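Morning, everyone. I have one chain to walk you through today. Please have a look at it on the screen first.

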Amino acid sequence: MRRLRTRVAGALLAVLALTVTACSSDSSPEGAPAAKAAATADRVEPLADTPTPQLPVTVRSSDGRKVTVRDAGRIVPLSGSLSEIVFTLGLGDRVVARDITATFAQAEKLPVVTRNHDVSAESVLSLKPDLVLAETSTGPDEAMDQIRDAGVPVLVVDPAKGLDDVGPRIGTVARALGVPAAGKELTKRSEERISAVRKDIPKETDKPRVAFLYLRGTASVYLIGGKDSGATSLLEAAGAVDGGAESGLEKDFTTITTEALAEAAPDAILVMSKGLESVGGIDGLVKIPGVAQTPAGMERRVVSIEDGVLLNYGPRTDEVLKSLVDQLYGNAK
């Protein structure tokens, strides 16, 4: 449970393998924004020019270790977000495995080296990697130590918590791969695209209050995001207010209650697409106690974004932000 909460707080990606059986229901009343997944969630867009790694390099890992990378011919990124960065830098042909949370099309045929979100050291080592990229929540520790003991460099990267992490995470990965110039180019591209989306946000409207709900109906998990959920930065960039954080929820996630929803008073609800499917779509969502009584529930105003990109805070954050803005404001733009 501790590991699940850590990953949920950081990126909410590690739960993608939970079985989802319910289908979403598109039954919004006329004029109300219908929930929909981000249309651009399936592929990443590599840089136009493929960089050539200049190695060896020595970089500092977020776990305090100094890591020397001598070769980058076989890379294993152990999170969807890190995989996305490597592929977008133009080095996807060097990636030999993926974590279950790497959901984009270019990575889908790669072997998965995690079991129930825990790393299989044997699976990783069988692929003879030159470099393993991990996050502070990657584990178990025994597996990571086993990979290090085999002589494989392991770079640990701090988890993404907001838009300010986009550039630093890209830069960290790019330096470790010996392509710092490509990292600067990708950072510039990403930041420019995010800025372009933000310029298109309606200025005349009141800031909508949005509650971020984490749902897994098949596992009876119903949570509302607070200050440390990871969604606040994205919502603020979209010109909205994080209703959960604003209402005083200090933790990353709290069990949904009628009282918590009433305090959050959301005008709209943000969910992951698979989470929405797992509760039976909008029809099922409004049956969760307290949801129907909120302004968002009464208007059936739901924003749904694909699980694998929502809180990555990486090269596709502009696409996530655009989807959020489009669904949140609709005809008001």
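A residue counts as buried here when its relative accessible area is under 20%. By that cut-off, 55% of the 333 residues in the chain are buried. Keep in mind that this is a predicted model.

Some totals, then. The chain has 13 helices and 13 strands. Its accessible surface is about 14,300 Å². Carbon and sulfur atoms account for 48% of that surface. Now contacts along the sequence. Take those between residues at least 6 apart: 70% of them join residues at least 24 apart.

Next, a sheet. Which order do its strands take? The order is E3-E6-E7. This is an open sheet of three strands, and the pairing is parallel. At the edges sit E3, residues 75–77, and E7, residues 154–157. Each of those two pairs on one side only. On average, neighbouring strands in this sheet are turned by 15° against each other, ignoring direction.

Look at the E6 and E7 pair. E6 covers residues 131–135, and four bridges join E6 to E7. As a specific example, Ala134 has Val156 in E7 as its bridge partner. Helix H4, residues 141–149, packs on the sheet and touches both E6 and E7. The direction of H4 makes about 140° with that of E7. Then there is helix H5, residues 166–176. H5 also lies across E6 and E7, and runs at about 170° to E7.

On to a helix pair: H2, residues 80–91, and H6, residues 180–199. Their axes come within 10 Å. The crossing angle is roughly 110°. Angles of 65 to 115 degrees count as roughly perpendicular, so H2 and H6 are roughly perpendicular to each other. Who makes the contact? From H2, it is Ile85, Thr88 and Leu89. From H6, it is Ala182, Gly183, Leu186 and Arg189.

Where is Ser120 found? In the loop between strand E5, residues 118–119, and helix H3, residues 121–126. Is Ser120 buried or exposed? Buried: its relative accessible area is 4%, and the cut-off is under 20%. The side chain of Ser120 makes a polar contact with the side chain of Ser123, at 2.9 Å. Set aside the neighbours within four places in sequence, and Ser120 is in contact with Val113, Thr114 and Arg115.

That's my tour. Over to you.

Key: Residues numbered from 1 in each chain as written. Predicted model: local features only at pLDDT ≥ 70, side-chain atom pairs only at ≥ 80, totals over all residues. Heavy atoms only, no water. Buried < 20%, exposed > 50% of the residue type's maximum accessible area, 1.4 Å probe, protein only. Polar contact = N/O pair within 3.5 Å; in protein donor to acceptor, adjacent residues only side chain to side chain. Contact = heavy atoms within 4.5 Å. Pairing = 2+ DSSP bridges. Axes fitted to C-alpha atoms, helices over the stretch in contact; angles between N-to-C directions. Areas by Shrake-Rupley, 256 points an atom, 1.4 Å probe, with all protein chains shown as cover. Parallel < 35°, antiparallel > 145°, perpendicular 65-115°, else oblique.
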